[in-house]
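Please open the model in a viewer and keep the sequence at hand.

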Amino acid sequence: MKEKWNFILYLLWFSYLIISAVVMFGHGFLLSRKTLSDVSECVPLSSIGCDGREISNSTGGCSEDEKIRAILLNPDSPLVCPPRSQRVVLILVDALRYDFTEYNADLENPLQYQNKLPVITNLLGKWPNRTRVFRFMADPPTTTLQRIKALVTGSLPTFVDVSSNFAAMEIQEDNILDQILKDKHRAILLGDDTWARLMPARWHRKHALYSFHTWDLDTVDTEVDSKIYNELKKDDWELLVAHYLGVDHAGHRYGPNHAEMARKLSETNDRLEKIIEILPADAILYVIGDHGMTETGDHGGESKAERTAAWFSYYPPGFRADDGAIGKEVQQTNLAATVSAALGRPPPAPSLGYVELPVLPQMTTAGTLLCLTNNLKQISKYLLRYGEESQQVSLDRLTQLLNATRTQIDLASAVYSELELRHYIEDVRLLTDNIRNVFREVWVEFDSLSMLRALLLLLLAIFFNWIISEGVPIERIPHVFSSSFVPSGLIGIAVCIGVCYTAFTLEMLSDLEHAIFLSTGLISGVFTCMLVIMHWDGITQKWYESHPLFYERFARTALFASAAVLVSNSYIIEEGAVLSFLALSVIGLIAWNVRTIKCLGLWVGFGVSLALTRPYLGCREEQGDCWTSDSKNSSNASRAALVLALGSMAAVVSIARRYLDWRGYGFVIAGIFSCAHWAVGWGSLGSPGRSKMLARGAWLVIVCTFFLLLKRDSRGATMPLIIAGLSLYVANTLVLGAAFAPTAGLALLSGLFVLNIVAMIKTDGAGKSALSSRYNSSIACLWALLASYYFYGSGHHATLGHVSWAAVFHAGDPAHLVYGHALSAVLMFISLFGMPLMFGVTTPLLALWSRAGATPVGPRTQMAAVFSLCLKFSLCFAVRMFAAALSATIHCRHLMIWGVFTPKLLFEFGACVAALLGSFIGATLTAWHFTTQHRSS
Amino acid sequence: MFSLNNQAELRKVTISSLITCIYLPSIITVISYKDLLYTVGNGSSFYILVLIFIAELLKSFYLSSGEDAPKRKGSKNRAGDIIKASIYLLGVMFCFFVGIILFGAPFLDNHEETLMLSSLLTLLTVFPLIAHAGIEPAMQLLFGVKNYTRDTVVCMLVNNALWAVGGAWLGAVVIPLDWNKPWQQWPVPCYLGALCGYLMSNVLTVSKVTLMSAATKYPVLNIIVNCLDRLHMSK
């Protein structure tokens, strides 16, 4: 039986193809950005001497202007803090679209959101020098979290900000708050607690309120109102941030054209009037919107309406004279640099914006130049550092930009007249816009070529493997795989990798990974295609003779349906219900086909066990009602949950123990350990330290059990597979915690029901072997549906915010260990995708499970059946993966791409990897334990 | 499925299907003109079930009218039969109720709506079978003890039942969509789906019989008949 290991190698090969294609897709699709921990520093002007150097011995015999002139003459001088004499009041009205602020008296029938903010137009008419209104252009994704990040750092946040600590929400980069803290300035926060979560422990006083009750229009606003007027009268702050949510929530709930929106905007108008009345004389007022909204009140995408927010500024002594038109477009990245300059600080280190001079007070020419050169120096530093840390932007491009920036800094010393200054400002603006666009291209735009190539590779792998697994008759499979097919294929891949690597070292290729993935994928396609051509006669004959039963066709249709609905956002949101509906239908048809009372009972049992997981189903923001009343997410289990967890574990242990041999003791001990872990750690009386010790003990036993499985079993692979499945069950309950542990038991139970129903399927037709209905693709589809369902059934949901990190820490903090990061990644993986893994490992049981004991077919056929089943199971997940990738491609400009489709893609990838790994482990276990049986027979 | 041998039975099947094709669309039309189409889940729409019940009962009288008297055991057992049948129907209704909840209907609230749907399904599937063939044969049919392909009428009834269940199943597809339309309310799509499936099945029966009789003259039509044959779920 030398084909045995070829089977395993082939499964590995297939897994590699799928994973490499998806990784390639991810490179093109998931834009990432490297976060740097640099912080901008500046030297106070007072410690600069008349010669423009730091800590010189010359006494202050010169004016500030002369000092600055001296600094400008020296391009390599450090950043110097600009002088400050103002405070800043930053009022963020969430979702303040630009056209909300316009006032047009000629409108006869203004819409609900039009003409509701007359205060802005009145002020513009009265004091044109004190007020400015700009279009404040946001970059996608236009969600509040990403926008606040962009506003305070001045950068362009992407979907994935790669940083060292991926669990915390805290901003890891330099930002306005960090800058003003350096000067011992104080900041006050009122409103949305997103700010407090992004930048904790930086506030002098804060009054942060929970912001996700999107149907509550007034609570946050009235709370902020109750504080802000008092705060404005105090003078112990330099920056006051107030975040109003009412307008955004009115948009989400009713849309912009609704009486509620009119009410909220009128409230905002009154509020602004009152604030302007009591605004301290030295404070600049900035009123900004973080994003706009569509005509239905949503945001997140990149339509014009979502991107155009408003920026209204007011400063009683008057701004710098400006001839710029009202409503010119200003990028949101500019806010960080501007606020920093107003507060006497250089721009934050990652900022890509420039100082918006029209909304700053009048400065001398030298002071203006100081701000501008600070800005340029900070940007050139960032270019240099980003080039060191990441290869996303090509070096030539970076060098070119760096040189342009340096030239611009040198030019500053030659600017004296107002006209020259104006030209200089314009040049700086063009340069920073240029730099910003270069980074925007890398961070915001998709690489469609590699996405399409990845989709093609996925399609190739799925198509040919589908033909092989469905078409090649089972009698031929052992012969195919004992031939030189797999070794030659692997050699082909090795040759490809070698050629690519050589070309890379000879600098003929720039992207090694991409080239390897592409060439190996194509060569594998060629190999499998050749196999299909060689066995075309067998394939066509099998297809000609086969008459699939209705339930078989239906099962395949159900799987494709479950993949196809990934294109629709509403089905993704409700995917848990969809999957259980489909799985129950498939099982129901199989039961209908068998049609005995017992089978019906099993079906009902299966349905009940699926229905029992319903209270555990997660709930996401988009589902509305359940989100607001949700209190399940708390990590502490209630008393009832603890009893359920202990009961389910005890039941599984006591029932399973009877049927297991000596290896089952490991499972029993692990079960007892985990029960003790929950019981000891529960409530305020519990002892967390001992509880964590017990959890570690349970993990030790589980790992040992897996090693014990290596001892060959003379009675075939069924028992080791069962034990592997049960050990994974215990592992799942451990990472899920006591609150969700019963779902793992329910998963085990429903899996058992399916195994028994499958074993009952009638085998009709004398020509077919007794196994033929067992390795049928419909069974694999059913198993895959079930495995996908239990991702949802165990309380997860395909949103990034829903991920609970408690699983990493249930057995102590792994960060202190040597392999801490790897260990926490593994624990996280099991807690999220433990269910597909468990179902994957037990896939071979579908073919092997029987009460009668020995099956009449020979071991060779049985092994081939197991292989075929594992391949089909993996294929099912590959098909779903393909559908997820395709829908992400189709919807890459969709409103909900970052909220719904991308998380689904990521989680589907995780489930796919878990299923591939699981079926690989299952097949390996089966192959390992088959040898002795072969020898004895 | 059908054979042309028994002309009398064939005629009965055709006429009863035709009646269904007329009365069901008229009920639906009337309630949609009265703007009651989206209230079919409420208990207040019970009259629809009563109407269907009466119609099916009349149809079953018509279907068994030509049969010989000796099959009946006499009038004194009628009352007992009816009680047994209603208990049996209640049991089936409960099974449907449980089944629907297992398939994903809310199981702590909306019991009224689920009950209406399950009673509709019972009326469309098992009730005609019992009314036509009696309790014991119906039970035997359900568990596949007896083969029924010989009997044209039973064959038609089973086919209708399967189509009705399939229609209700398919109706659930639109529920998760976030369009917030009134017809997405539970259980409106499933209820209407069941009615449409039942209607579809009857339309198919009528058209098939028509085509079959036409095919004796024009053999070309046999192709269409064969195609229609594939649509029957009872296989």
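Predicted model: local features only at pLDDT ≥ 70, side-chain atom pairs only at ≥ 80, totals over all residues.

Which backbone oxygen lies 2.6 Å from a polar atom of the side chain of A:Asn6?

**Stop 1: A:Asn6**

Select A:Asn6, which is placed in helix α1 of chain A, spanning residues 3-29. The oxygen in question belongs to A:Phe481, whose backbone oxygen is 2.6 Å from a polar side-chain atom of A:Asn6. Now display the surroundings of A:Asn6: beyond the residues within four places in sequence, its contacts are A:Phe481, A:Ser482, A:Ser483, A:Val486 and A:Pro487. A:Asn6 has a relative accessible area of 10% and is therefore buried, the cut-off being under 20%.

**Stop 2**

**Stop 3: helices α31 and α35 of chain A**

Select residues 777-793 and 859-890 of chain A, which form helix α31 and helix α35 respectively. Their axes lie 9 Å apart, and the two helices pack at an angle of about 55°. α31(A) is therefore oblique to α35(A). The crossing of α31(A) past α35(A) is right-handed.

To see the contact itself, show side chains on both helices. From α31(A) come A:Ser777, A:Ala780, A:Cys781, A:Trp783, A:Ala784, A:Ala787 and A:Ser788, and these meet A:Leu869, A:Lys872, A:Phe873, A:Cys876, A:Phe877 and A:Arg880 of α35(A). By class, the contact of α31(A) with α35(A) comprises nine nonpolar, two polar and two charged residues.

**Stop 4: A:Ala883**

Remain on helix α35 of chain A and select A:Ala883. Is A:Ala883 buried or exposed? Its relative accessibility is 11%, so A:Ala883 counts as buried. Leaving out neighbours within four places in sequence, A:Ala883 is in contact with A:Ala563 and A:Leu566. A distance label can also be drawn to A:Leu455: the two C-alpha atoms are separated by 9.6 Å, although the residues are 428 apart along the chain.

**Stop 5: chain B as a whole**

Chain B contains eight helices and zero strands. Of its 235 residues, 44% count as buried. Among contacts in chain B with a separation of 6 or more, 74% come from residues 24 or more positions apart.

**Stop 6: helices α1 and α2 of chain B**

Finally, select residues 7-33 and 46-63 of chain B, helix α1 and helix α2. How do their axes run? They come within 10 Å and cross at roughly 165°. α1(B) is therefore roughly antiparallel to α2(B), and the crossing is right-handed.

Among the residues of α1(B) in this contact are B:Ile15, B:Ile19, B:Tyr23 and B:Ile27, while those of α2(B) include B:Ile48, B:Leu51, B:Ala55 and B:Tyr62. Taken by class, the contact of α1(B) with α2(B) holds 14 nonpolar, two polar and four charged residues.

How values were computed:
Residues numbered from 1 in each chain as written. Chains lettered and ligands numbered in written order. Heavy atoms only, no water. Helix = DSSP H or I, 4+ residues; strand = E, 2+ residues; numbered from the N terminus. Buried < 20%, exposed > 50% of the residue type's maximum accessible area, 1.4 Å probe, protein only. Polar contact = N/O pair within 3.5 Å; in protein donor to acceptor, adjacent residues only side chain to side chain. Contact = heavy atoms within 4.5 Å. Axes fitted to C-alpha atoms, helices over the stretch in contact; angles between N-to-C directions. Parallel < 35°, antiparallel > 145°, perpendicular 65-115°, else oblique. Left-handed = near helix turned anticlockwise from the far one by under 90°. Nonpolar A, V, L, I, M, F, W, Y, C, P; charged D, E, K, R; others polar.
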